[in-house]
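Keep the structure open in your viewer and follow the stops below. Each one says what to select and what is there.

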Amino acid sequence: MTPPGTPARPAPCTGRLGLRVLGAALLLSGAVAGAYITGRVSAERALVTPDEVNTVEVAQKAIQAVVRIDNRLQRERLQVGDDPIDTGTGFFYKKDLIVTNYHVVQYQESLTVTLFNGRRVSAKIEGIDPGIDIAILRVTGVTAPATLSFGSSARLIPGQKLLTIGTPLRIQNFVGSGVFSVAASARDLNRNDGFANEVGQYIVTTASIQQGNSGGPVLDSRGAVVGVADANVSANGLIPGVIGIAVPGDLVKQSLDDLEKIGVPQRGTLGVTMVDLDNLDPALRQLAGLNSSEGALVDEVPAGTAAARAGLRGSLRNSKDQLLAPLGDIIVAVDGQRVRDSFDVIRLVAAKRPGQTVTLRVWRNKKSVDVKVTLLKRTLQ
């Protein structure tokens, strides 16, 4: 007797009819499996696995929101033989607004956007956030065929499938797939273009991110944007890397909201200039009573900044712009986390929002001092 609440099991196949049905099913499954293994899949069964179905469904829907961006560079930025057009990718997140990388549209003389169906329209820069290498473009005379929504990059799990759509080698509507590998510190990734210095961690993926993918969406299996493709990691400049990096979608979404409402991003900043301690003359470090080269020397502290209001002390320079003793405050920790250089200070402070307080451990007059800094709202310059 079946216990109450137990689901009824399907009746077993019995008799000649059952055997014939079972045999036919086995032959059919064997044929499909054989076709899948050898790659001989009929047009009627081009999509064999549920994962393939999901990939195609997500890609076909998302492609309609993805655009190619052609940046005609300013003439003064070009050298003999340079291609005057830089190409990247972007995507509609609102009916007339496109998000892309800032480095895709930097030094632009004019911008052209090509929709997935080949239609071309001009675009203008609406807002920029070089701190995380993001820009917003506005288009007129056309409405987005589709828009993409943001998911949660914080919930990504290593091994989770990710898709990219972009314009590598100027091939539009290129779909790549891979997995989310790890969230890696920006310090571990080689970058020397001066952008994204406020990104704490990147999304690292095996999904294709090559030249031309920059600014395109990184999608999860629901079709939600979890990152914006930014660059690839390569062993040298001649061989493109297979490891792609993307700006986390949570950070991008926050920035877009700030840019639309205020015009500037609202991540935390001290408002000072800094000098890495390991760049200082060893004699100056000795005069300051320091045995380590880890830390960031506060150089200039402009009036009205969060640092100035908190009493952070800057450094003195002579007429030759050389640092003088005694040095200004040297930041050695942020909220209890030791820092190696200004790179660390900027990223740790940028993780905060205006109104929040950050505690700096500084070396001042050969003593450790804690300075609490209340971060201020950023304003348009």
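Select strand β5, residues 120-129, together with β6. The two strands run antiparallel and are joined by 6 bridges. Within the pair, Ile128 stands opposite Ala135 in β6. This is a predicted model. Now show the turn. β5 and β6 form a hairpin, with 4 residues between the strands. Pick out Asp133 there: its phi is positive, about 60°.

**The nonpolar core**

Next, select Phe91, Tyr93, Tyr202, Leu219, Val252 and Leu256. They have the most contacts inside the largest nonpolar core, which has 33 residues. Color helix α4, residues 249-261, as well. The helix supplies 4 residues, the largest share of this core. In soluble globular proteins, nonpolar side chains tend to be buried together.

Center on Leu219. Which residues does Leu219 contact, leaving aside neighbours within four places in sequence? Val58, Ala62 and Leu148 are among them.

**A nonpolar patch outside**

Move to the surface. Select Leu169, Ile171 and Phe174. These residues form a nonpolar patch with about 310 Å² of accessible area together. Leu169 sits in the loop between β7 (161-166) and β8 (174-185). Its relative accessible area is 74%, so Leu169 counts as exposed.

**Salt bridges**

How many salt bridges does a search of the whole structure find? The search finds 18. Side chains of opposite charge can pair when their charged atoms come close. Visit three of these pairs.

Start with Asp344 and Arg187. Their side chains meet in a salt bridge, at 2.8 Å from N to O. This pair links distant parts of the chain, 157 residues apart: Asp344 is in helix α7 (residues 342-350), and Arg187 is in the loop between β8 and β9 (201-205). Asp344 is buried, at 15% relative accessible area. Arg187 is partly exposed, at 23%.

Go on to Glu198 and Arg267. In this salt bridge the closest N and O atoms are 2.8 Å apart. Glu198 lies in the loop between β8 and β9, and Arg267 lies in the loop between α4 and β13 (274-276), so the pair ties together parts that are 69 residues apart in sequence. Buried or exposed? Both Glu198 and Arg267 are buried.

Then select Arg353 and Asp258. The closest N and O atoms of this salt bridge are 2.9 Å apart. The pair links distant parts of the chain, 95 residues apart: Arg353 is in the loop between α7 and β19 (357-364), and Asp258 is in helix α4. Arg353 is partly exposed, with a relative accessible area of 26%. For Asp258 the value is 4%, and the residue is buried.

For the last stop, show Asp129, Glu198, Arg267 and Arg378 together. Salt bridges that share partners join these four into one network.

Key: Residues are numbered from 1 along each chain as its sequence is written. This is a predicted model: local features need pLDDT of at least 70, side-chain atom pairs count only at pLDDT 80 or more; totals for chains, interfaces and linings use all residues. Side-chain values use heavy atoms; hydrogens and water are left out. Two strands pair if DSSP finds at least two bridges between them. A nonpolar core is a set of buried Ala, Val, Leu, Ile, Met, Phe, Trp, Tyr and Cys residues joined through side-chain atoms within 4.5 Å. Buried means under 20% relative accessible area, exposed over 50%, partly exposed in between (1.4 Å probe, protein chains only). Contact means heavy atoms within 4.5 Å. Patches are made of residues with over 30% relative accessible area and no salt bridge: like charges are joined within 9 Å, nonpolar side chains (Val, Leu, Ile, Met, Phe, Trp, Tyr) within 5 Å. Accessible areas come from the Shrake-Rupley method with a 1.4 Å probe; for residues, only the protein chains shown count as cover.
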